[in-house]
Amino acid sequence: MTHPDVLATSTARALRAPALAAGLGLAAAAVLHLRDPHDSGTYGFCPFQRLTGLPCPGCGGLRAVNDLTRGDVVGALGSNAVAVVMVAAAVVLWCVWVVRRVRGDHTAQLVAVGTRGGLAVLAGLVVFGVLRVTPWGSWLAP
């Protein structure tokens with residue numbers, strides 16, 4: 001039988017990586033909350049948009065996170081719907097990671113995306129990027 005102190009220490013050690021990831025995510029959100037990306041040029045300019053005049057799939061992502069930190073989900077969706085979905089997915093995956101670690105799988109990783117999953121995400125980003133610059137998807141434009 002394992003001593004409770006050993007279990008607590010082992011669990012605390014297993015939660016270091018999730019805690020670090022949460023800290024980094026919260027720090028990034030705090031920076032975006034404090035330094036408003038809605039002001040043009042605050043974080044520089046999108047090179048893709050500078051070259052083509054078209055928004056890339058990531059354009060509006062910083063504004064979307066800023067809106068989320070202010071509780072404006074509708075504004076965030078208007079800035080970049082994919083960014084909102086990705087933030088929500090990251091939170092859910094982080095929670096699953098923590099639960100797995102607490103339950104004893106101390107080697108569980110944040111996410112394990114295989115080749116098919118990665119290609120599906122990439123294809124989704126391409127479709128979103130193309131759709132948002134067409135008349136049918138103009139409501140997705142930042």
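# Helices and pockets of a predicted model

The buried residues of α4 pack against α2 and α5.

User: Which residues of α4 are buried?

Analyst: In α4 they are G61, A64, V65, N66 and D67. Buried means under 20% relative accessible area, exposed over 50%, and partly exposed in between, with a 1.4 Å probe and protein chains only. The packing is judged by contact, that is, heavy atoms within 4.5 Å.

User: Where do these coordinates and numbers come from?

Analyst: This is a predicted model, where local features need pLDDT of at least 70 and side-chain atom pairs count only at pLDDT 80 or more, while totals for chains, interfaces and linings use all residues. Residues are numbered from 1 along each chain as its sequence is written, and side-chain values use heavy atoms, with hydrogens and water left out.

User: How many helices and strands does the chain have?

Analyst: Six helices and zero strands. Helices (H or I, at least four residues) and strands (E, at least two) are DSSP runs, numbered from the N terminus.

User: Is the chain spread out or compact?

Analyst: The chain is more spread out than a compact globule, because its radius of gyration is 19 Å, well over the 14 Å that the globule rule gives for 142 residues. The radius is taken over C-alpha atoms, and the rule is 2.2 Å times the number of residues to the power 0.38. Along the principal axes, the C-alpha atoms fill a box of roughly 65 × 35 × 25 Å.

User: And what share of the residues is buried?

Analyst: 23% of the 142 residues count as buried. The accessible surface of the chain is about 9,400 Å², and 70% of that belongs to carbon and sulfur atoms. Such areas come from the Shrake-Rupley method with a 1.4 Å probe; for residues, only the protein chains shown count as cover.

User: Which helices supply the lining of the largest pocket?

Analyst: α2 (16–34), α4 (61–69) and α5 (73–102) each supply at least two residues. The largest share, seven residues, comes from α2.

User: What about the classes of residue in that lining?

Analyst: The lining of the largest pocket has 15 nonpolar residues, two polar and no charged. Ala, Val, Leu, Ile, Met, Phe, Trp, Tyr, Cys and Pro count as nonpolar, Asp, Glu, Lys and Arg as charged, and the others, Gly among them, as polar.

User: And the second largest pocket, how much space lies in it?

Analyst: About 350 Å³. It is lined by 19 residues, and the closest to its centre are G44, F45, C46, Q49 and R63. α4 gives the most to this lining, with three residues. By class, the lining of the second largest pocket has eight nonpolar, eight polar and three charged residues.

User: Back to α5. Where does M86 stand?

Analyst: M86 is in helix α5 and counts as partly exposed, at 47% relative accessibility. M86 and G61 are 25 residues apart in sequence and 9.8 Å apart in space, C-alpha to C-alpha.

Note on methods: On a 1 Å grid over the protein atoms alone, a cavity is a set of points where a 1.4 Å probe fits but cannot get out, and a pocket is an open set with protein on both sides within 12 Å along at least five of seven lines; lining residues have an atom within 4 Å of a point. Grid points are joined across faces, edges and corners, and a volume is the space filled by probe spheres set on the points.
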